[in-house]
Amino acid sequence: MRSKSAAGRGSLVPYLLWVALFVIAPIALVLYYSLLDLNGKFTLHNYANFFTPAYLKMTLNSFWYAFLITLFTLVFAYPTAYVITKTKHKQLWLMLLIIPSWINLLLKTYAFIGIFGLSGPLNAFLETLGFAPTQLLFTDFSFVFVSVYIFIPFMILPIFNSLDRLNPTLVYAARDLGASGWTAFRRVILPLTIDGVKSGIQVTFIPALSLFMITRLIAGNKVITLGTAIEQQFLVAQNWGMGSTIAVFLILMMAASMFFAGTKSRGGRI
């Protein structure tokens, strides 16, 4: 028994080393730099500065855009995942939807710059309909649209898994008992797949809080989020202390989001 318990503890060593080196140490380093000023001296001014109106407004903007991106992603992802589960070759269709996520994010972003540009195919199509060319880039619409496109595969996958595990006899029983399609969805399908929805929200909302490259290339820095502020503090202002402070609060927000969205999976079969 002792040898088995010792072997069990030994197997945890690589995992604990990984967590210490790549989770705890980076967070500790960020926390350390957040307590330094431009001269490398200890200060709490960075934390006081974060609670000024400019940074609080930036925080609200980050939450607002993350909420919009997550909402639209969920609206499109859930029916898409549901339709895929009803198709004959559902694994093939799922793979076709996931493949675009393998493409480099920067390449996809530049592709949308061409699509939304004044001389791009979207404006060319609008011109054929009689509309004048419109600047679609550097707008809230283009930023949210591109973000939803990028995150939608990550929302579809957990929802698809939940729907695919759902026991169909439960839905048939609800319909046999007189439930309408909407009632069966609201009372049976959605509650039994809510864990997949929460997982999708988690893997979408948390990265959406820290977007910075898309805000720069697609929104033209007209959309300022915490991720954009961190980039500017580190690369432009060279104020590592303030950049680290924003990162600390961003980590806390992500941890809070994970806490509120995380639940134990109940499963869909009985």
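Reply: Let us begin with lysine 90, which is partly exposed because its relative accessible area is 25%, between the limits of 20% and 50%. Please keep in mind that this is a predicted model.

Me: With which residue does lysine 90 form a salt bridge?

Reply: The general idea is that side chains of opposite charge can pair when their charged atoms come close. Here lysine 90 forms a salt bridge with aspartate 164, and the closest N and O atoms are 2.5 Å apart. The pair links distant parts of the chain, 74 residues apart: lysine 90 is in helix H4 (residues 90–98) and aspartate 164 is in helix H7. Aspartate 164 is likewise partly exposed, with a relative accessible area of 26%.

Me: How many salt bridges does the structure hold?

Reply: The structure holds two. In the other case, the side chains of arginine 216 and glutamate 231 meet at 3.1 Å, N to O.

Me: Is glutamate 231 buried or exposed?

Reply: Glutamate 231 is buried, because its relative accessible area of 14% falls under the 20% limit.

Me: How should I read aromatic pairs, and how many are found in the whole structure?

Reply: For an aromatic pair, one reads the distance between ring centres and the angle between planes; an angle over 60 degrees counts as edge-to-face. The search of the whole structure finds 20 aromatic pairs. One of them joins tyrosine 32 and tyrosine 33, with centres 5.5 Å apart and planes at 70 degrees, so the pair is edge-to-face. Tyrosine 32 is partly exposed at 49% relative accessible area, and tyrosine 33 is partly exposed at 29%.

Me: Which helices hold phenylalanine 112 and tyrosine 149?

Reply: Phenylalanine 112 and tyrosine 149 form an edge-to-face pair, 5.0 Å centre to centre with 65 degrees between the planes. This pair links distant parts of the chain, 37 residues apart, with phenylalanine 112 in helix H5 (residues 105–116) and tyrosine 149 in helix H7 (residues 140–165). Phenylalanine 112 is buried at 10% relative accessibility, whereas tyrosine 149 is partly exposed at 33%.

Me: Which residues form one aromatic cluster?

Reply: One aromatic cluster is formed by Tyr47, Phe50, Phe51, Tyr55 and Phe249.

Me: Which helix gives the most residues to the nonpolar patch?

Reply: The nonpolar surface patch here covers about 870 Å², and its residues include Trp18, Phe22 and Ile251. Helix H1 (residues 2–33) gives the most, with eight residues. Valine 13, which also belongs to the patch, is found in helix H1; its relative accessibility of 42% makes valine 13 partly exposed.

Me: How many helices and strands are there in the protein chain?

Reply: The protein chain has 12 helices and zero strands. Buried residues account for 36% of its 270 residues. Among contacts between residues at least 6 apart in sequence, 71% join residues at least 24 apart. The protein chain exposes about 16,200 Å², of which carbon and sulfur atoms supply 72%. Along the principal axes, its C-alpha atoms fill a box of roughly 80 × 70 × 30 Å.

Notes. Residues numbered from 1 in each chain as written. Heavy atoms only, no water. Phe/Tyr/Trp six-rings, centres within 6.5 Å; stacked < 30°, edge-to-face > 60°. Buried < 20%, exposed > 50% of the residue type's maximum accessible area, 1.4 Å probe, protein only. Helix = DSSP H or I, 4+ residues; strand = E, 2+ residues; numbered from the N terminus. Patch = residues over 30% accessible without salt bridge, like charges linked within 9 Å, V, L, I, M, F, W, Y side chains within 5 Å. Areas by Shrake-Rupley, 256 points an atom, 1.4 Å probe, with all protein chains shown as cover. Salt bridge = Lys/Arg side-chain N within 4 Å of Asp/Glu carboxyl O. Contact = heavy atoms within 4.5 Å.
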